[in-house]
Amino acid sequence: DNGVSLLTVKVRVMPRCFFVRMRLWMRVDGSLCRIYDTRVYHRFGSDHVVRQIQHRENTYKELQQNNKMPVEPSGIGNADIMSERLTIRSTKTQSLSLLPVKQTEETP
């Protein structure tokens, strides 16, 4: 075992909108921790979808130097705990337009 990689998807559908969070968590033992979070939000009836992609990452050395290494050994393997400790490297937010689907006529 040299680490872990885990992809999780959470979907929440409400009467007026939906929200999706996809998280890719990667830990390489003794080397680094990385998280990519992708969030998608759409309000029903609107003509766009909002997507946000966030990259968080630190080496083990950076975590130790900044006193962000969890005290409990199991903490380093928990993406939820580590997401609060890892440095945000980039965040990209996009509004994606939903184009209407064109109707095509069937020819006999």
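Mentor: Let us begin with two terms. Helices (H or I, at least four residues) and strands (E, at least two) are DSSP runs, numbered from the N terminus. Two strands pair if DSSP finds at least two bridges between them. Please note that this is a predicted model: local features need pLDDT of at least 70, side-chain atom pairs count only at pLDDT 80 or more, and totals for chains, interfaces and linings use all residues. Residues are numbered from 1 along each chain as its sequence is written, and side-chain values use heavy atoms, with hydrogens and water left out.

Trainee: In what order do the strands of the sheet lie?

Mentor: In general, strands of a sheet pair through backbone hydrogen bonds, either parallel or antiparallel. Here, five strands form an open sheet in the order β1-β2-β3-β4-β5, and the pairing is antiparallel. At the edges stand β1 (3-13) and β5 (88-97), each with a single partner strand, so one side of each has no neighbour in the sheet.

Trainee: Over how many bridges do strands β3 and β4 pair?

Mentor: Strand β3 (residues 32-43) and strand β4 (residues 48-59) pair over 10 bridges, in the antiparallel sense. Cys-33 has Asn-58 in β4 as its bridge partner, and Asp-37 stands opposite Gln-54 in β4. The hairpin of β3 and β4 has four residues between the strands, and Gly-45 takes a positive phi near 95° there. On to the next pair: β4 and β5 are joined in the antiparallel sense over nine bridges, with His-48 opposite Ser-97 in β5.

Trainee: How do the elements run along the protein chain?

Mentor: The protein chain has two helices and five strands, and from the N terminus on the elements run β-β-β-β-α-α-β.

Trainee: Is Arg-23 buried or exposed?

Mentor: Buried means under 20% relative accessible area, exposed over 50%, and partly exposed in between (1.4 Å probe, protein chains only). Arg-23 counts as buried, at 5% relative accessibility. Asp-37 is also buried, with a relative accessible area of 1%. Across the protein chain, buried residues make up 25% of the 108 residues.

Trainee: Which side chain meets that of Asp-80 in a salt bridge?

Mentor: A salt bridge is a side-chain nitrogen of Lys or Arg within 4 Å of a carboxyl oxygen of Asp or Glu. The side chain of Asp-80 meets that of Arg-23 (2.9 Å, N to O). Asp-80 lies in helix α2 (residues 79-83) and Arg-23 in strand β2, so this pair ties together parts that are 57 residues apart in sequence. Arg-23 also forms a salt bridge with Asp-37 (2.7 Å, N to O). Asp-37 in turn meets Arg-39 (3.7 Å, N to O). Through shared partners, Arg-23, Asp-37, Arg-39 and Asp-80 are joined into one network.
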